[in-house]
Amino acid sequence: MAGLGVKNKGKSDKKKMKHESISTIKSLPRELLVEIMAKVASASVLDLCKVKLSCKDFLHASEDDYVYQHVSMDKFALVPLPWFINEKESSFLKRCKDSGNSEITYREGMVEYFSSLKIDSGLDNLKKATLQGHVDSKYVYSMILMCSKEEKENKVGFDLFCSLRTSTCVMRCRKRVKSFIRSMWVNNHVVRSNQECLCHSSTCESKERLKKLSRMSLLIQDEDDSTIASCQYCHADYELCFFYKLFEI
């Protein structure tokens, strides 16, 4: 009987702990629950599905647009083929798109601009994703603008590129964009409308050095230019060389 008493006490403790746990979750404001779910979603869509099943409060919070806006797309193909997507997955992706998921906006922009020849809408989507803080989109958008013959667009593209260099993520962006471009059929090969270098200085010490380095680095395409020169314009010219290389037939 003593043993039975201990066992019943253990069950009671478990029920009490479960009740306290549920009470704690219910005491949290909905805004915080939504933020928690968004963090989970940005890390893994599979973890999001698991957490949604844990309790009704998480389930309800996970249906907020803010959560779908931050869902990670790592488990989904970069260029999804319609005949390989089931209805449930299609509905989920549409909800993410309608909620303003920047990764989906970026991917659509890439396909439209470089593959489907929907240049204007593709550029609009890349700009939209850039404004949402999507770094890969920011890289591509800055490169496209720096290829333009319009001085104002060159300036916007250059400023965006400089902000990427400040956050030291250019090389990572370059690699991911390269992988994306190689995953789709490219019909729009980027060419530079303005053939002049962005660096116009006749006394710049970085220009010739980076010109030589770019010839060697293009064979590898994984060089980081963060410490090899001081001229920001030369860095931009150097990075454009990598970008053009992605579109060589």
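In which loop is Ser44 found? Ser44 lies in the loop between helix H2 (30-43) and H3, where helices (H or I, at least four residues) and strands (E, at least two) are DSSP runs numbered from the N terminus. This is a predicted model, in which local features need pLDDT of at least 70 and side-chain atom pairs count only at pLDDT 80 or more, while totals for chains, interfaces and linings use all residues. Residues are numbered from 1 along each chain as its sequence is written, and side-chain values use heavy atoms, with hydrogens and water left out.

- Ser44 counts as buried at 15% relative accessibility; buried means under 20% relative accessible area, exposed over 50%, and partly exposed in between (1.4 Å probe, protein chains only).
- The side chain of Ser44 reaches the backbone nitrogen of Leu46 at 3.2 Å, and a polar atom of that side chain also lies 3.2 Å from the backbone nitrogen of Asp47.
- Polar contacts are pairs of N or O atoms within 3.5 Å; within protein, one must be able to donate a hydrogen and the other to accept it, and residues adjacent in sequence count only if both atoms are side-chain atoms.
- Although 29 residues separate Ser44 and Met73 in sequence, their C-alpha atoms are 8.3 Å apart in space.

**Helix H6**

- Phe92, Leu93 and Cys96 are the buried residues of H6.
- Seen down the axis, the buried residues of H6 fall within an arc of 95°, so they line one face of the helix; the arc is that of the directions from the helix axis to the C-beta atoms.
- Glu87, Lys94 and Asp98 are exposed on the other side of H6.
- The cover over the buried residues of H6 includes helix H3 (45-52), helix H5 (65-69) and helix H7 (102-114), with contact meaning heavy atoms within 4.5 Å.
- At the start of H6, a side-chain oxygen of Asn86 comes to within 3.2 Å of the backbone nitrogen of Lys88.

- Asn101 lies in the loop between H6 and H7 and is buried, with a relative accessible area of 1%.
- A polar atom of the Asn101 side chain lies 3.3 Å from the backbone oxygen of Gln69.
- Not counting residues up to four places away in sequence, Asn101 touches Tyr68, Gln69, His70, Val71, Met73 and Cys96.

**Aromatic pairs**

- The count comes to 7 aromatic pairs, where rings of Phe, Tyr and Trp (its six-membered ring) pair if their centres lie within 6.5 Å, and planes under 30 degrees apart count as stacked, over 60 as edge-to-face and the rest as tilted.
- Tyr113 and Phe114 form an edge-to-face pair, at 4.9 Å centre to centre with 75° between the planes, and both residues are buried.
- Tyr238 and Phe242 also pair edge-to-face, at 5.2 Å centre to centre with 80° between the planes.
- Tyr238 and Phe242 are separated by about one helical turn because they are 4 residues apart in helix H13 (residues 232-245).
- Ring pairs link Tyr68, Phe76 and Phe92 into a cluster.

**Cysteines**

- The structure holds 0 disulfides, a disulfide being a pair of cysteine sulfur atoms within 2.5 Å.
- Cys49 is partly exposed at 42% relative accessible area, whereas Cys234 is buried at 4% relative accessibility.
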